[in-house]
Amino acid sequence: MVRKVPFASRFRRLPAAALAGLAVGGVAAELVCGSGGVSGGCSKRFGAMSHTILLVQPTKRPEGRTYADYESVNECMEGVCKMYEEHLKRMNPNSPSITYDISQLFDFIDDLADLSCLVYRADTQTYQPYNKDWIKEKIYVLLRRQAQQAGK
């Protein structure tokens, strides 16, 4: 599976104190979504349109932690792909376009110190944590679906 897309950025720096107990070192706590919901993101069901928070720690240094929030799991998986594409663009600044294989994307994910998702569950009004393996599975499904649609 090969992917070629434009580049974009949605990541924001998150203070280290705000990450306490979230998803550092593969451990995540459930966050309660109050009755008012998460700004624009609490959905009525767990799934495609569930508010999703992506937590990224590229290296062992805690000050490098960032996060991004998305309206859905699929949008979040696109964000992970875009993060890798931005990395490739920095490594190949003179290339007008870059093509990569899914195995290269998965190697990049594995090389990150930490990558976790928190997906909102309306039934419990909490965020469910997911690890790198879950993220890779969701990316595989997303890219396979995109490849099938492109082949039609």
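This briefing covers the nonpolar cores, aromatic pairs and salt bridges of one structure. The model is predicted: local features need pLDDT of at least 70, side-chain atom pairs count only at pLDDT 80 or more, and totals for chains, interfaces and linings use all residues. Residues are numbered from 1 along each chain as its sequence is written, and side-chain values use heavy atoms, leaving out hydrogens and water.

**Nonpolar cores**

- The largest nonpolar core has 29 residues. Such a core is a set of buried Ala, Val, Leu, Ile, Met, Phe, Trp, Tyr and Cys residues joined through side-chain atoms within 4.5 Å.
- Buried means under 20% relative accessible area, exposed means over 50%, and partly exposed lies in between (1.4 Å probe, protein chains only).
- Residues with the most contacts inside this core are Leu54, Met77, Leu105, Leu115, Cys117, Ile135 and Ile139.
- Two or more core residues come from each of β5 (52-57), β6 (66-70), α1 (73-91), α2 (102-111), β8 (114-121) and α3 (132-150). Helices (H or I, at least four residues) and strands (E, at least two) are DSSP runs, numbered from the N terminus.
- Helix α1 gives the largest share, eight residues.
- Apart from this core lies another, of six residues, including Ile53, Leu118, Ala122 and Tyr127.
- Cys117 touches Ile53, Leu54, Met77, Trp134 and Ile135, among others, not counting residues up to four places away in sequence. Contact means heavy atoms within 4.5 Å.

**Aromatic pairs**

- There are four aromatic pairs. Rings of Phe, Tyr and Trp (its six-membered ring) pair if their centres lie within 6.5 Å; planes under 30 degrees apart count as stacked, over 60 as edge-to-face and the rest as tilted.
- Tyr84 and Tyr100 pair edge-to-face, 4.9 Å centre to centre, with 90 degrees between the planes.
- This pair links distant parts of the chain, helix α1 and strand β7 (residues 100-101), 16 residues apart.
- Both Tyr84 and Tyr100 are buried.
- Ring pairs link Tyr84, Tyr100 and Phe108 into a cluster.

**Salt bridges**

- The structure holds four salt bridges. Each is a side-chain nitrogen of Lys or Arg within 4 Å of a carboxyl oxygen of Asp or Glu.
- Lys136 bridges to Asp110, with the closest N and O atoms 2.7 Å apart. The pair links helix α3 to helix α2, 26 residues apart.
- Lys136 is buried at 13% relative accessible area, while Asp110 is partly exposed at 40%.
- Asp110, Asp133 and Lys136 form a network of salt bridges.
- Arg61 bridges to Glu63 at 2.9 Å between the closest N and O atoms.
- Asp123 and Arg121 meet at 2.8 Å, N to O. Asp123 is exposed at 60% relative accessibility.
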